[in-house]
Amino acid sequence: MKLFALMLLTMMTGWANADEPAMSEIPDTLEERVKPCIICHRDADRIDRDAYFPRIAGKPAGYLFNQLRNFRDGRRFYQPMAILLENMTDEYMDEIAHYFAALPTTYPAPVAHALSPAESHAVETLMYSGDAERDLPACSACHGEALMGVQPYIPGLLGLPHAYVAAQFGGWRNGGIMRGQIPDCMSEIAKKLTQEEVNALAIWLPSRPVSGESATADALAPELARRCRTIVAGEGAAR
Ligand code: HEC
Ligand code: HEC
């Protein structure tokens with residue numbers, strides 16, 4: 001893995017030496033410079049084969065920016081990628097985030113699930129109603145009625161592969177190195193769910209066809225925005 005990361009770094013020297021003349025005739029565009037990212041984040045084929053590599057094209061720009069900062073600053077952990085972000089400025093990350101957010105994306109086809117009607121019903125209740133007794137807002141209250149996200153900081157929930165959703169919830173629940181070292185609204189929510197609920201929602205979500213648009217920022221109630229603090233406050237991810 002180390003060698004792979006080194007190889008990527010070599011490919012990206014243009015980033016570190018942006019002022020120096022390029023070694024070859026390759027035009028110095030953002031599109032050229034993010035090629036190493038595409039190795040892992042290329043839309044359809046790689047992601048189908050290895051569902052753990054998330055799609056980034058078409059996700060909200062503020063969300064992508066927050067994640068890049070999290071990886072660079074050690075709040076979210078994936079070493080082969082963090083190495084590439086080490087010397088990047090916030091401004092440059094913002095540019096990259098906007099570049100990927102504007103790219104068209106293809107979503108995987110829905111995967112049929114084998115949940116019982118009672119299990120499906122329980123997931124749908126969490127998605128669209130939440131559980132007031134446990135102080136759990138509906139997922140849709142923050143991720144949008146269509147579950148397609150709320151611009152610019154909250155990602156959609158449809159079209160994410162099972163392995164990826166399950167892994168993210170694992171990180172939030174365990175406070176592990178992957179995600180959730182610093183408590184935020186998602187780790188608080190993830191910790192209130194039972195393991196059975198997490199298993200079921202990670203199966204249910206990929207079974208839903210992707211449709212609809214992300215909502216605009218005014219769809220997020222102030223009370224819920226407060227729960228997520230700086231994530232949705234436009235101050236970046238420092239908290
Ligand atoms: C070696 C493979 C690899 C390379 C190269 C790579 N990434 Fe990643 N990236 C990953 C993996 C795996 C994750 C998920 C890690 C996790 O959740 O713990 C990820 C996560 C992300 C996320 C968060 C996605 C989300 O939905 O939360 C963003 C944004 C991202 N990468 C951007 C980039 C950019 C920009 C580059 C180029 C500078 C890049 N990545 C290069 C493998 C890679
Ligand atoms: C109070 C608002 C709020 C509620 C309620 C909420 N979320 Fe989130 N969720 C967020 C925010 C904010 C993020 C982005 C986190 C970040 O930037 O690290 C997020 C991120 C996610 C992600 C990561 C997606 C990706 O591309 O990596 C998943 C999966 C997720 N939420 C699932 C859920 C599910 C399932 C529920 C319901 C059980 C839920 N969320 C309820 C605010 C919320």
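Predicted model: local features only at pLDDT ≥ 70, side-chain atom pairs only at ≥ 80, totals over all residues.

Analyst: In the shell around ligand 1, α4 gives the most, with five residues, and α6 and α7 (79-85) each supply at least two.

User: Why are α9 and α13 called roughly perpendicular to each other?

Analyst: Helix α9 (residues 117-128) and helix α13 (residues 195-204) pack at an angle of about 90°, with their axes 10 Å apart. Angles of 65 to 115 degrees count as roughly perpendicular, and α9 and α13 are therefore given that description.

User: Which residues make up the contact between α9 and α13, and how do they divide by class?

Analyst: From α9 come E119, S120, A122, V123 and L126, which meet E197, A200, L201 and W204 of α13. The residues of this contact divide into six nonpolar, one polar and two charged.

User: What makes D135 count as exposed or buried?

Analyst: D135, found in the loop between α9 and α10, has 11 C-beta neighbours inside 10 Å. A residue is exposed if 12 or fewer other C-beta atoms lie within 10 Å of its own, so D135 counts as exposed. Its phi is near 55°, a positive value in a residue other than glycine.

User: How do you know whether L147 is buried or exposed?

Analyst: The cut-off for a buried residue is 20 or more other C-beta atoms within 10 Å; L147 has 21 such neighbours and therefore counts as buried. L147 lies in the loop between α10 and α11, and although L147 is not a glycine, its phi is positive, at about 60°.

User: Where is the cis peptide bond, and what is its omega?

Analyst: The cis bond joins Q151 and P152, with omega about -5°; P152 is found in the loop between α10 and α11.

User: What is the make-up of the shell around ligand 2 by class, and which element gives the largest share?

Analyst: Of the 24 residues that surround ligand 2, the closest are P137, C139, C142, P155 and C228. The elements that give two or more residues to this shell include α11 (162-174) and α12 (185-192), while α10 provides the largest share, four residues. By class, the shell around ligand 2 divides into 20 nonpolar, three polar and one charged.

User: And which residues come nearest to ligand 1?

Analyst: Among the 22 residues around ligand 1, those that come nearest are C37, C40, Q67, P80 and M81, and the shell has 19 nonpolar, two polar and one charged residues.

Key. Residues numbered from 1 in each chain as written. Chains lettered and ligands numbered in written order. Near = placed C-beta within 6 Å. Nonpolar A, V, L, I, M, F, W, Y, C, P; charged D, E, K, R; others polar. Axes fitted to C-alpha atoms, helices over the stretch in contact; angles between N-to-C directions. Parallel < 35°, antiparallel > 145°, perpendicular 65-115°, else oblique. Contact = placed C-beta atoms within 7 Å.
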